[in-house]
Amino acid sequence: MSGAVLILGASSDIARATARTFAAKGHRIQLAARDTARLEADKADLETRFGVPVSLHRVDALDIDSHMGFVDSLPELPQIAVCAIGVLGDQADSAADMSRAVQVMRSNFEGPASLLGVLANAMETRGSGTLVGISSVAGDRGRASNYIYGSAKAGFTTYLSGLRNRLASKGVHVVTVLPGFVATQMTEGMDLPARLTASPEEVADAILAAVQREQEVIYVRRIWRLIMFVIRSIPEVIFKKTSI
Amino acid sequence: MTQLSGWGRFRPVETTLRRVRSQEDVAAALTKGPLIARGNGRSYGDSAVNPALTLDMKGMDRMLSFDPDTGILVAEAGVLLADVIARFLPRGWFPAVTPGTKFVTLGGAIAADVHGKNHHIDGSFGSFVDWIDVMDATGHVTRAVPNTDLYGWTLGGMGLTGVILRTQIRLRQVESGYILQDMRATQTLDATIDMMEATLRAPYSVAWLDCVTQGPMMGRGLVMLGRHAPVDALPPTDRARPFNVRPKRTLRLPVDLPAMALNGITRHAFNAAYYWNGRRKPGERLVDWDTYFYPLDAILDWNRGYGKAGFVQFQCVLPQDTARAGLHALMEAISRSGEASVLSVLKRMGRQAGRISFPMAGYTLALDFPANERSLRLMNRLDAITVDHGGRFYLAKDARMPQQVLDAADPRVAGFRAMRAERGLSDVFRSTQSDRLGL
């Protein structure tokens with residue numbers, strides 16, 4: 001396998017692990033984040049470990065108008081683009097202050113959708129490519145504990161589904177990644193059940209496998225497909241009284 | 001909050017474990033009170049836990065540069081030796097010094113100034129460290145270079161001079177991923193020592209001692225010598241790809257074994273190896289690097305073999321002139337106690353500089369015991385014998401030594417304490433071990 005891999009939101013733990021996984025396979029890597037200064041050490045790491053060229057790119061997910069220019073400025077249109085942009089936010093803050101809620105929604109849906117949209121158009125024109133969107137199981141059902149984040153992820157999941165449908169005959173493949181719990185900076189300090197919690201490296205390996213096998217929707221860990229099936233199956237009249 | 005212990009799983013401590021990913025994260029953590037940095041948790045005792053805050057350095061695991069002409073690697077402290085080997089052995093480079101597990105971080109290797117089977121020739125890990133970036137209590141970073149106080153106290157300083165952030169180390173050029181191993185069986189402890197003295201020119205040398213069998217055979221051993229295999233020592237079919245070692249299967253211990261199990265298993269394993277070796281023709285044979293340097297790494301979570309209570313390591317070094325008498329005294333004490341050290345390793349050490357590093361010219365003996373009242377009493381006795389013979393103790397193994405023993409064994413500790421106080425480190429960089437030992 002070859003071709004450049006673009007990692008959007010490159011400073012997250014899942015993004016770092018994903019960049020390493022693809023670099024280990026010999027891919028050129030493009031790392032994009034809001035603060036590229038923080039990525040210098042990661043660039044050095046990928047180059048030192050794997051001997052692949054790595055470039056750094058500034059991108060602001062919320063600055064929608066900049067996205068076309070951002071994609072144009074890349075040294076080459078990537079063969080694979082992985083979007084790891086997202087913020088968990090604080091549900092209580094988001095519920096109390098709608099401006100914060102909107103920020104979370106935009107960061108998890110609007111920004112990623114816009115970036116992948118621009119990339120999708122370019123890949124469609126070229127006639128090849130793979131788009132990987134990291135969404136979340138939180139988008140599979142709205143729950144009191146995280147429905148601001150969850151609703152944005154639901155929007156993103158649906159968006160990815162639509163992109164996939166649109167591009168299926170255009171040579172562009174779309175992978176939806178639905179992680180359950182992952183031991184990352186985002187979840188640090190939370191008491192997560194070990195059996196249901198993946199490492200960032202597990203997510204990265206699953207992404208690589210999904211790209212190689214052209215899988216459509218993957219849950220990481222796989223048990224989450226079953227868990228979310230059960231959770232989605234609970235009638236709303238009952239679900240509303242639960243606190244899952 | 002989380003329960004955390006050393007590799008021996010002895011006396012876990014309730015702590016907050018916080019992963020850091022950058023120098024800025026470490027600086028931010030310093031504002032939260034006393035802390036200790038933790039690498040991959042392979043020190044055996046309580047060196048890398050602290051009831052207040054334990055920094056998980058594995059988020060700082062970036063390799064920053066490598067010079068293929070000189071083998072000089074710059075990397076963050078959380079990089080594992082296993083990663084270094086995975087990336088650079090295929091290019092012909094191997095760690096110049098490695099302990100018995102590849103699952104240690106560079107920062108941990110520096111903090112404990114670990115040694116390997118080549119100590120008698122090459123010295124400790126620190127011999128190949130060009131500089132160390134250390135963050136002090138105020139968040140200031142100093143690049144410590146050889147022949148400075150900070151460098152000297154940081155090697156073997158158990159993370160108590162500040163947080164080790166980055167380092168530059170020199171790797172060793174090798175021609176293959178194989179070792180030419182020469183294994184020799186000995187009948188008595190004296191014969192084991194004699195054998196090690198007679199083979200000082202071997203680049204790698206270590207002995208596995210039988211401390212389970214009672215009587216005169218106690219202390220018999222398998223002396224394992226080794227050297228990196230040149231390409232022409234490989235079978236012709238392997239010479240084109242000399243670093244291509246088939247990955248070993250790893251096993252995982254899924255459950256805690258009853259504490260009794262290991263003694264029996266080890267006794268049989270030792271006897272089998274000993275017998276088998278005796279029947280074999282003497283001479284060198286090819287062993288892959290993983291099997292030679294890291295036999296225990298093949299069993300992930302092998303520390304669960306000692307049961308829930310965990311196990312305790314004892315490792316001392318005795319100076320050359322008292323080593324023989326001291327080793328006999330240690331063996332007799334073990335024999336009298338009725339306890340048996342499951343895995344006993346004897347190693348000849350070479351001369352060693354260093355402000356606070358463990359090694360000295362002489363013999364180091366590493367023992368491990370299931371954690372129970374009897375073995376803890378035995379270790380008090382072994383402490384006394386070590387002190388009587390002018391020896392000292394390896395803090396990376398220690399989980400239970402009282403402060404008085406350390407003070408009696410190692411006069412350098414007073415200087416270490418004074419340095420800590422003077423630099424304002426005593427209240428900020430603290431582990432359960434440093435509290436216990438009054439460091």
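How many Å separate the centres of domain 1 of chain B and domain 2 of chain B, taken over C-alpha atoms?

Reply: The centres of the two domains of chain B, taken over C-alpha atoms, are 23 Å apart. This is a predicted model, in which local features need pLDDT of at least 70, side-chain atom pairs count only at pLDDT 80 or more, and totals for chains, interfaces and linings use all residues. Residues are numbered from 1 along each chain as its sequence is written, while chains are lettered from A and ligands numbered from 1 in the order in which they are written.

Chain B falls into domain 1, residues 59–175, and domain 2, residues 178–405; these bounds come from an automatic or database domain assignment. Where the domains of chain B meet, 27 residues of domain 1 are in contact with 28 residues of domain 2 (C-beta atoms, placed from the backbone, within 7 Å).

On the side of domain 1 of chain B that touches domain 2, helix H4 (119–122) and helix H5 (149–154) of chain B each provide at least two residues (helices are DSSP runs of H or I, at least four residues, numbered from the N terminus). H4(B) makes the largest contribution to that side of domain 1, namely three residues. Sorted by class, the side of domain 1 of chain B that touches domain 2 consists of ten nonpolar, 13 polar and four charged residues (Ala, Val, Leu, Ile, Met, Phe, Trp, Tyr, Cys and Pro count as nonpolar, Asp, Glu, Lys and Arg as charged, and the others, Gly among them, as polar).

Note on methods. Contact = placed C-beta atoms within 7 Å.
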